[in-house]
Amino acid sequence: MIQSQGSNRIYTREVGADGKTCIRVVGTNRDENRAFIYMARHFHALGLPVPEVYWVSADGMSYTQEDLGDTLLFDAIRHGRETGSFMTDEITLLERTLRALAHIQVEGAKDFDWSLCFPVPVMDERSIRWDLNYFKYCFLKGTKIEFSEPKLEDDFDKLVLRLTSDSVSGLSSPTFLYRDFQSRNVMIKNGQPYFIDFQGGRRGPTQYDVASFLWQAKTNFPPELREKLIDVYLDELSTLNSQFSTLQWKAALPHFVLFRTLQVLGAYGYRGYFERKPHFLESIPFALKNLRDVLAELPEYPYLRELAESLIAEEAPSPKRSYSELTPQSNGLVVTVYSFSFKKGLPADDSGNGGGYVFDCRSTHNPGKYDEYKTLTGLDKPVIDFLEKDGEILTFLEAVDQLIDHHVERFIERGFTHLQVAFGCTGGQHRSVYCAEHVAKRLHDRYDIAIHLIHRERGIDKWLKKKMTNNNNK
């Protein structure tokens, strides 16, 4: 199974009789499935970079689509995200992505049947207010910060009016609004971007998608790179629409950045506060910084600016509360266990602690060399059986277990709060996944501590809860 961070759909990679792979998708909403299938087929027929849909079940609840591989744009720009300094090849991928976006927005809108969009066909005042209420009820209420609802609604009214203005788009014809255009929804195959998860698309202004992409939490784009990418995008857009007004488009962009940031905070609040998913809680400080920065350019929203400053202050560690305290299992020792691919760089240490272990699994026998295991992972029984029967990895883990046990016991004694253990192999698929699972389960069974297990290249991020006992028997 392929994990999805924010979706209820289930994705599975399947192998056909001809040895080729495809992705099987099982959805929970027939209308949402129908929207994606229609859009994918419409865009694919126009030669736009989306997965081809091969088959749809009779009840419309599942379908198969082209397998675009495992490389997300989010991972392909990891160096830039983590350092703030983007390499030439990363910038090239970003430029290609934004040029391709302009095409799907303009060319994809031609002869498009908007009635098949889900849940609504157009970004209008009502749908904008849904998103603003999402921010109010799922984020603001979740923080328990005091706020004035009348003042907030006054700013919302001004924002709605600006976003629905006839002059906002700068374009003379309808365009496709992707809705969730961000680097986790772009796959890289043979150096080219392909778009996925556009089933929430509808008719609407193009600025929303650019704001979603360039102000995405955790992407860490420097301001000068944002400006360069906006210029690249506008250059492509102008070739597709001769009546395009760059001045109108740029004047409206900050308002869409504000709107998108509020919408994203609503989503983070729901997924984080209510569903208790740590990935979304960890993104909140980044989104709040975006909110404060964009409001500095928009004096017409004074109460939102006041709220942003209060939320930033609330996020800072204090006796009252902090967002970091809302992450699961935060009391006592947390051991973060990673699997990863050395080709994509070492995992970041988000705790700020530094230290820990990075183990290289590449000295052990690699199942990935054999065709029957290439599409499987270290979570699958055939791979597990192969590794355990071969035995090399078990000998490797005997030494690893001794080191980590000693470290965990000393950290518990000394009251430390975080240890990171990472296992790397060639692709982050077989050996490293097996080792990370082994160590995470073993530590969870032996010690009364929280385990944060992350299979980075598989997109899996989960917590093994504390047993809530005082028994740390070895």
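**Helices α4 and α8: how they meet**

Okay, let's start with a crossing: helices α4 and α8 cross in a right-handed way. Keep in mind that this is a predicted model. The two axes come within 9 Å and cross at roughly 35°. For orientation, α4 covers residues 88-106, and α8 covers residues 223-240.

So who's touching whom? On the α4 side, the contact includes I91, L94, L98 and L101, and on the α8 side, L225, L229, V232 and L237 are among the residues involved. By class, the contact has 12 nonpolar, two polar and five charged residues.

A quick word on α4 itself. The helix has 19 residues and reaches 28 Å from first C-alpha to last, close to the 27 Å expected. Its buried residues include I91, L94, L98 and L101, and those four also sit in the contact with α8.

Now, the charged residues. Which side chain does E95 meet in a salt bridge? That's K228, at 3.6 Å, N to O. E95 is in α4 and K228 is in α8, so this pair ties together parts that are 133 residues apart in sequence. E95 is partly exposed, at 21% relative accessible area, and K228 is partly exposed too, at 41%.

There's another bridge here: D235 with R99, where the closest N and O atoms are 3.2 Å apart. D235 belongs to α8 and R99 to α4, and 136 residues separate them. Both are partly exposed, D235 at 40% and R99 at 29%.

Zooming out, the structure holds 32 salt bridges. Elsewhere, D360 pairs with R362, with the closest N and O atoms 2.8 Å apart.

Key. Residues are numbered from 1 along each chain as its sequence is written. This is a predicted model: local features need pLDDT of at least 70, side-chain atom pairs count only at pLDDT 80 or more; totals for chains, interfaces and linings use all residues. Side-chain values use heavy atoms; hydrogens and water are left out. Axes are lines fitted to C-alpha atoms, for helices over the stretch in contact, and angles run from 0 to 180 degrees between N-to-C directions. Helices (H or I, at least four residues) and strands (E, at least two) are DSSP runs, numbered from the N terminus. A crossing is left-handed if the near helix is turned anticlockwise from the far one by less than a right angle, and right-handed if clockwise. Contact means heavy atoms within 4.5 Å. Ala, Val, Leu, Ile, Met, Phe, Trp, Tyr, Cys and Pro count as nonpolar, Asp, Glu, Lys and Arg as charged, and the others, Gly among them, as polar. The expected span of a helix is 1.5 Å times one less than its number of residues. Buried means under 20% relative accessible area, exposed over 50%, partly exposed in between (1.4 Å probe, protein chains only). A salt bridge is a side-chain nitrogen of Lys or Arg within 4 Å of a carboxyl oxygen of Asp or Glu.
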